[in-house]
Amino acid sequence: MHIIEHKIPNPLSSLPARWFPDPKGTVFFDIETTGLSWRNSHLYLLGVICFEEGRWTLRQWFCQRPSEEETVLEEFSKLLKSRTLLVHFNGKGFDLPYLMHKYTFYRKESPFEPLNQLDLYEKLLPCKKLLGLTHMRQRDLEIFTGLCRKDPFTGGDLISCYQEYLKTASEDLLNTLLLHNREDMEGMLALLPLLAFPGLQNGTLSFCIRGEQTEKNARFQLILPLSLPVCLDRTLQNIHFTVRDREAVLTVPFFEGTLKFFYENYKDYYYLPLEDEAIHKSVGVYVDRAHRRPAKAADCYRRVSGRFLPQFSQLFTPAFREDYRSSLLFFQPSSAFFHQEEDMISYVRHLLIQLKKG
């Protein structure tokens, strides 16, 4: 069995500490196998990135023959005993089930149960539309971030390469196999800043915010705690979102005009056709019967004029809409709204959820 090690810079140094509270307990990993089925294939290469002896190391265990698979599994288990977090790309879809079956086959205890998991694919998949991507494979995301690989092969391409290595022990073939796995690992590190996008929405990324209003728009400027490797320019229902380095900006057009606030219990109201609005029966009882009728759900409202901002669910109250069946809601921000950091952050995260849905 070959063991290859490379010293690397701290991969977490530029990221918010909140994301990885225990860097020394964090392990990134990726595997290479001779097939998809654990029954009909074997593990031939396992790579990790971890903190050991005061430095970050990229280590690869390479099987010079299939019979060394069990030894690689044992070495991996030893490494994980003192760790708390396992990071991978779509490991839940392939790597982990494959390895768990192998541990069972060799009658060994799986080392994964006590560990927390961070699957980068799982975390980033909901951002597919926001990022404007058609596919979310690791290589697609690497290209999106501007990462260029030296290795042109897929894992499937390298199966025949490994089989040829078993016959020839060629150093060139060995280097090809190691390069692919190493760039898979390094590619994972390059994707870590993209966690800012789900973090903006779910609260795991803190940011400074400044709000302002112009004649036609509300503008929210976000100063991020890290530089993002991509530039974004997205628009949804006239809401514009841009990202440049450490700055993100959301521009939201005002709706200016008259909207309706619908009362919940329409049976308690009268509708006044001449005024085109509803009033409570306790007051409406004094209105001439010819000018009132029992309200229906669709006309139990009062009209309000002014400037409004959109909301896709009832985040702020009172909530207004154009008509009873309108799905898009609005709220009327006060002048103080653009100085209330907590409310602005809630609103920005609310909008980003919609941008992610596309």
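## Aromatic groups

Phe255, Phe261, Tyr263, Tyr269, Phe308, Phe320 and Phe330 come together as one aromatic cluster. Here rings of Phe, Tyr and Trp (its six-membered ring) pair if their centres lie within 6.5 Å, with planes under 30 degrees apart counted as stacked, over 60 as edge-to-face and the rest as tilted. The model is a predicted one, where local features need pLDDT of at least 70 and side-chain atom pairs pLDDT 80 or more, while totals for chains, interfaces and linings use all residues. Residues are numbered from 1 along each chain as its sequence is written, and side-chain values use heavy atoms, leaving out hydrogens and water.

The structure holds 33 aromatic pairs. In one of them, phenylalanine 89 and tyrosine 121 have ring centres 5.7 Å apart and planes at 70°, so they are edge-to-face. Phenylalanine 89 is in the loop between strand E5 (85-88) and helix H2 (95-105) and tyrosine 121 is in helix H3 (residues 120-124), so this pair ties together parts 32 residues apart in sequence. Phenylalanine 89 counts as buried, at 12% relative accessibility, whereas tyrosine 121, at 26%, counts as partly exposed; buried means under 20% relative accessible area, exposed over 50% and partly exposed in between, with a 1.4 Å probe and protein chains only.

## Charges over tyrosine 270

Two charged ends sit over the ring of tyrosine 270: that of lysine 281 is 5.5 Å from the ring centre, and that of arginine 292 is 4.3 Å from it. The criterion is NZ of Lys or CZ of Arg within 6 Å of the ring centre and within 35 degrees of the ring normal.

## Strands

Strand E13 (residues 269-272) pairs antiparallel with E14 over four bridges, and leucine 272 stands opposite glutamate 277 in E14. The open sheet has three strands in the order E14-E13-E15, with E14 (277-280) and E15 (293-294) as its edge strands. Strands (E, at least two residues) and helices (H or I, at least four) are DSSP runs numbered from the N terminus, and two strands pair if DSSP finds at least two bridges between them.

Strands E9 (residues 232-236) and E10 (residues 239-244) are antiparallel and joined by five bridges. Leucine 236 has isoleucine 239 as its bridge partner. Two residues lie between the strands of this hairpin, where glutamine 237 takes a positive phi near 45°.

## Nonpolar cores

The largest nonpolar core has 63 residues, and Phe20, Phe28, Phe197, Phe220 and Phe241 have the most contacts inside it. Helix H10 (residues 341-357) gives the most to this core, with seven residues. Another core, of 34 residues, lies apart from it and includes Leu43 and Leu80. Such a core is a set of buried Ala, Val, Leu, Ile, Met, Phe, Trp, Tyr and Cys residues joined through side-chain atoms within 4.5 Å.
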